[in-house]
Structure formats: structure tokens, C-alpha cells
Amino acid sequence: MGTKLYIKTYGCQMNEYDTQKTVEILKKEKNIELTQSPDDAEIILLNTCSIREKAEEKVYSELGRINKLKEMNPNLKIGVGGCVASQEGENIFKRAPYVDLIFGPQTLHKVPELLDQEDKIKAVDVSFPIEEKFDSLLLPEASGPSSFVSIMEGCSKFCTFCVVPYTRGEEVSRKPRQIFDEVARLAEQGVKEIVFVGQNVNSYKYSESGRILGLADLIQISAEINGIERIRYTTSHPLDMTNDLVEIYKYVPQLVDHLHLPVQSGSDKVLLDMKRNYSFDDYLSIIHRLKQIRPSIKISSDFIVGFPTETKEDFEMTMSLVNEVKFDASFSFIFSARPGTPAAKLADRSTLDEKKERLYELQSRLNDFQAAYSKELEGTIQRCLVTDLSKKNSREMQARTECNRVVNFHFQNPNILGKLVDIKIDEALSNSLKGTLFTQ
Ligand code: SAM
Ligand code: SF4
Ligand code: F3S
């Protein structure tokens, strides 16, 4: 029997991808087996996120609970990886002295050797060569019909509110050959949908034999790999929505009718203070161009309310943009001051209560648009990827629409798991849809 590992992931898709990769490496090099319960684990790893203060505090609360397990089993090894590890480094040992190892997103491939050390050990340097990480990743084992493929690491945009460039380092694009090998290997194992992931996925750029490959090229080439029926990518920056990336929606039917394009704010002044380098009008013009090519494309976004320099008028501009674009399922957060970022030093122009009111107003509007889209789907036939058996009802299966909504439908045939099928949408519920299998 292998060593039992419990691994918990916080944060974004990049962390989920890194967790998968850490597990693959540990399975090969350390004969580990995964457990779903921390209670019987011999190794516990937390792959952490520090995007907002709350995310970071969650990690310390979890560590407190894990320490109780270590008191009962002193041989338990505890490791902290991911963005909190990068940001906090040695401080983690000070706040949680029972932690054995700290590793960063760039050093996850070193976890097997770090686990062999007797002493407490830290390897979190963000200047570690990312190529080394990508070179040491194993070819993937598919775990379902949809799979993430990391195409770049880090971010060089340095938005004034964001920790990512500090925790993940500056942007590095992965070699195209490694990406295509990974996609092909996944397709061979029956994966139908790939999701290209990166903190700033559409700024992908790789120079090879005198030619520069961008995300549009990766999409076009991957679409030709046998078996790939759907392509998504996340998370994009509006500045990098180049013409060729917009145009590719004409030529690649596998590209879904959905794009997550975080705008953060609708106020040009706040966007400038955030160092986003685009305006309200620039953002709208991208959406218009996309909609000309794909009239049914749905746009989702991320918003920050209560950025220190945001006034009531600035917030009203955000609401105008929301009304104009009619965003689909989106994420919105109250600004959280992150250590070491320029925005953390700015004086606040609004109180916490005002920020909460704005968040409430924004989220209510976003929810209304999301619900209206779901309602529009009633009676239509949607091409869906069957992903799972339903969690709640053993006679139902689960699938995903192009705009990533979960559809539960009556179980007809287990052979359709992992396939694209047509489903008639019968009813829109608050967080999912109900449907009937139409054709396979
Ligand atoms: N690269 C993406 C982009 O440029 O939009 C964002 C990736 S970030 C991991 C995910 C989201 O977290 C951001 O879009 C932003 O809305 C939110 N976020 C980042 N820093 C934040 C902060 N300091 N306070 C609140 N929300 C924050
Ligand atoms: Fe953070 Fe995204 Fe800005 Fe990069 S582009 S600094 S990841 S918000
Ligand atoms: Fe969090 Fe790091 Fe991702 S801060 S959102 S885990 S890049």
C-alpha cells in the first residue's frame, strides 16, 4: 500500500492544475495514494491562494485543525504550497511551527525530494526557472472528459491591487510542443474539452523558428487534434484580446460561445488607478467585435468594488457597463488590500458599509442577468458535454452547456458519459438547469 496523501486546493484553476501535477509526480516518485480524509493521511499538503485576505486566513484556520492531527500522529508531514507559501515564506513557520515544508508554485516538482528532508525546508523562490517546472511535468492522466492544460505561468501586468505577479513571478509561456503533446495525450484518453489556463492566458507568446505563436495559434492547432470537440481558455485580460484572437471565433467551431473577460471596473479613473490600461469604451468595443462574429456569445467577468479611489459615481459607471454588456455568471469582490501592492497604500474614499451596499447592488443585477439567460434557454436544444452522474439523484446525469451551466437530465444510458449530446432544456433553476436527452 502507498503512502496516504490528502491534498486540499484553494484559489484558481492554475492551482487546481498544479495540484493534479503534484499528485501525478508524487504517485510516480513516492508511490502515494490519495485519501479524501485528512484523518488517515500520512502527508497533508495545502495548495494555497492569497488573492484576498480571507483566502489567506482560511489557510491558517485549516492549519490549526491539521495541527490537532499532528499532535495525535507526530509522523504526519504537513506541507504548504501555492501563493501563500510564495508570499509568506518563512513567516508560515513562525505562525504555524508544526509545518514541515513550504514550496511555491514554481517548485512543486521538487516536492518528492523536499518530503525526504528531515529538517524543516522551504523552497519558494519565485525566480526559479518556470521552464524547469514545465519540463518536469509528466504527461497527464485524464480524470474526466474535460481537462485543464496550463500554457503559461505568472503575470507581468502588475495591476496595482494584485499579488499574482509577486507570488507567481513574471509571465513565462510554455513550449508549444509540450502543450500539443499534452492535448494529444488527453484526447487519446477520451478528453473532449480542453481548457487552456494561465493567469493571463491570452498574453501567451512563444517565439519559435522566427515565428511568434499566440493563443489564437494554439487554439487553431489544438482544434485539429482528433477528438477535441470543445475549447475554452481562462483567464484573459482585455488588453490581450487581439484581433486575431477575436477573428478565430469565425474559424474554430470548437471554441465555446462563452468568454470570461474580467473588467474589474467601469470607471476610466479607477481603471487607470488599477493600471488596467484600457477604458470603458475599449472594453465595450471588444465585446461588440466578438458579438459581431458570434452573436450568441455570453460574457462573464470579475469585478472589484470599493477600490480605494472608487467613489459612488465611479461605481455607477460599473453599473452602466453591467447594464450595457448584460454579463453572464460573474464574480465580484470587495477590494482587499494585499501586502506589498501599490493599491494597499492608497487612502480609502468609502466606508466598509458603502462597499458592502455596492457589492450587494452589483451582485443583485448580475444575478438578474444570469437568471434571465437561464430562462431564455428553456425550450431550446443545447449541445452539452456529459460530465458526471448527478450528485443528488442516482437516476440523473450531469452535463455542461457551452456557457458552462450545469444541466441535470434523466439518466438514459451510461455509455454517454464523456460524450457531447443534445439536451432539451425544460426548466431553469437558480443554480442549474433541468433537461431531457434529445439526441446522442
Ligand atoms: N488575470 C485576471 C485578470 O486580469 O483579470 C485575474 C486573475 S485574479 C486571480 C482573479 C480575480 O480576483 C481578479 O479578476 C480580481 O477581480 C480579483 N482580485 C484580485 N486581487 C484582488 C484584491 N486585492 N481584492 C479583491 N479582489 C481581487
Ligand atoms: Fe493580477 Fe490579472 Fe492583473 Fe495579472 S492581469 S496582475 S493576474 S489581475
Ligand atoms: Fe490565488 Fe495564486 Fe491563483 S493568489 S487566485 S492561487 S494565482
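Modeller: Gladly! A residue counts as near a molecule if one of its heavy atoms lies within 4 Å of it. This is a predicted model, where local features need pLDDT of at least 70, side-chain atom pairs count only at pLDDT 80 or more, and totals for chains, interfaces and linings use all residues. Residues are numbered from 1 along each chain as written, chains are lettered from A and ligands numbered from 1 in written order, and side-chain values use heavy atoms, without hydrogens and water.

Colleague: How many residues surround ligand 1?

Modeller: The closest are Phe161, Gln199, Gln264, Asp302 and Ser336. By class, the shell has seven nonpolar, five polar and four charged residues. The number surrounding ligand 1 is 16.

Colleague: Which residue has a polar side-chain atom 2.6 Å from an oxygen atom of ligand 1?

Modeller: Polar contacts here are pairs of N or O atoms within 3.5 Å. Arg276 places a polar side-chain atom 3.0 Å from a ligand 1 oxygen, and a backbone N or O atom of Ser336 lies 2.8 Å from a ligand 1 nitrogen. The residue at 2.6 Å is Asp302.

Colleague: And what surrounds ligand 2, by class?

Modeller: Its surroundings include Cys155, Phe161, His237 and Arg276. Ala, Val, Leu, Ile, Met, Phe, Trp, Tyr, Cys and Pro count as nonpolar, Asp, Glu, Lys and Arg as charged, and the others, Gly among them, as polar. The shell around ligand 2 therefore divides into seven nonpolar, two polar and two charged residues.

Terms used
Polar contact = N/O pair within 3.5 Å; in protein donor to acceptor, adjacent residues only side chain to side chain.
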